[in-house]
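Please look through the sequence and the model shown below, and then follow the report, which takes up one part of the chain after another.

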Amino acid sequence: MNRHKQPPAPLVLASGSPRRLALLDQIGIIPDRLLPAGIEETPERKELPRSMARRLARTKAEVAARAAGRDPALEGAYVLAADTVVAVGRRILPKPEVTDEAAACLRLLSGRAHRVYTAICLLTPKGATRQKLVESRVRFKRLSRSEIEIYLASGEWQGKAGGYAIQGRAGAFVVKLIGSYSNVVGLPLFETMNLLAGEHFDVYERWTEPAA
Ligand SMILES: Cc1cn([C@H]2C[C@H](O)[C@@H](COP(=O)(O)OP(=O)(O)OP(=O)(O)O)O2)c(=O)[nH]c1=O
């Protein structure tokens, strides 16, 4: 046992999304604290999808970092945040809360390709800000009116960018995915791992617990 070994720096996940927590858990990283930023997520005038994803990921990280700064237990923490945007061309799709809005999203996505952007933002204990934008292309099958209705009844679309969740029933609508599956779900794992490792966050040190 090395007596001089420092305890690992804490990790704050600036998210209230159970998907992001589950994805991190999948690669053996359990955050020390969850600090959802709960910010307003509307696009600015003429804002492009990738700019919006980057802006929101950064804002979420900064809001969480301010909260973490008030807690001595989180001194020297890394703060990780992400934002996922679904877009058809320049058009940013909402995160529907009502059925009509979700129906409009699904009608738009039916039989065509769209893009899913997830921006990740990492604030380091030394005060650096690191960002990465990951883009995937998803093609949906043509959806009949009854398929849309049945999907809407599942409620899986609620609060999901673009009104669907690829990790659920909508996985059956995907004809083709080019890019990163975890990116579509909400946290691109390869890039997240790289961002953390590049900033000396010892990911493998967290792999001490046996996988479930
Ligand atoms: C496209 C798609 C999105 N989503 C989810 C991931 C995100 O939770 C959500 C996009 O909204 P976000 O604003 O990125 O995240 P959030 O508000 O849910 O959580 P937080 O800001 O606290 O981190 O859509 C899926 O779960 N599956 C999918 O296939």
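## The surroundings of Asp83

In this predicted model, Asp83 is in contact with Ala53, Leu56, Ala57, Lys60, Thr118 and Ala119, once its neighbours within four places in sequence are left aside. Asp83 itself lies in strand S3, and it counts as buried because 27 C-beta neighbours fall inside 10 Å, where 20 or more are enough for that label.

The UniProt record, an unreviewed entry, places the feature "active site" at Asp83; such an annotation may be inferred rather than shown by experiment.

## Helix H2 and what covers it

Helix H2 runs over residues 49–69, and its 21 residues reach 30 Å from the first C-alpha to the last, close to the 30 Å expected at 1.5 Å a residue. The buried residues of H2 are Pro49, Met52, Ala53, Arg54, Leu56, Ala57, Lys60, Ala61, Ala64, Ala65 and Ala68, and among them are Ala53, Leu56, Ala57 and Lys60, which are also contacts of Asp83.

An α-helix has 3.6 residues a turn, so residues three or four places apart point the same way. The cover over the buried residues of H2 includes strand S1 (11–13), strand S3 (78–88), strand S4 (91–92), strand S5 (113–123) and strand S6 (129–140).

## Leu23 in helix H1

Leu23 belongs to helix H1, which spans residues 18–26, and Leu23 counts as buried because it has 21 C-beta neighbours inside 10 Å. Apart from its neighbours within four places in sequence, Leu23 is in contact with Ser182, Val185, Gly186, Leu187 and Leu189. Between the C-alpha atoms of Leu23 and Ala82, which stand 59 residues apart along the chain, the separation is 12 Å.

## The packing of H3 and H4

Two packed helices are described by the angle between their axes and the distance between the axes. For helix H3 (residues 99–109) and helix H4 (residues 145–154), the angle is about 135° and the axes are 10 Å apart, and the two helices are therefore oblique to each other. The crossing in which H3 passes H4 is right-handed.

On the H3 side, Thr99, Ala102, Ala103, Leu106 and Arg107 take part in this meeting, and on the H4 side their partners are Ile148, Tyr151 and Leu152. Just after H4 comes Gly155, which takes a positive phi of about 75°.

Terms used
Residues are numbered from 1 along each chain as its sequence is written. This is a predicted model: local features need pLDDT of at least 70, side-chain atom pairs count only at pLDDT 80 or more; totals for chains, interfaces and linings use all residues. Helices (H or I, at least four residues) and strands (E, at least two) are DSSP runs, numbered from the N terminus. The expected span of a helix is 1.5 Å times one less than its number of residues. A residue is buried if 20 or more other C-beta atoms lie within 10 Å of its own, exposed if 12 or fewer, and partly exposed in between; C-beta atoms are placed from the backbone. Two residues are in contact if their C-beta atoms, placed from the backbone, lie within 7 Å. Axes are lines fitted to C-alpha atoms, for helices over the stretch in contact, and angles run from 0 to 180 degrees between N-to-C directions. Angles under 35 degrees count as roughly parallel, over 145 as roughly antiparallel, 65 to 115 as roughly perpendicular and the rest as oblique. A crossing is left-handed if the near helix is turned anticlockwise from the far one by less than a right angle, and right-handed if clockwise.
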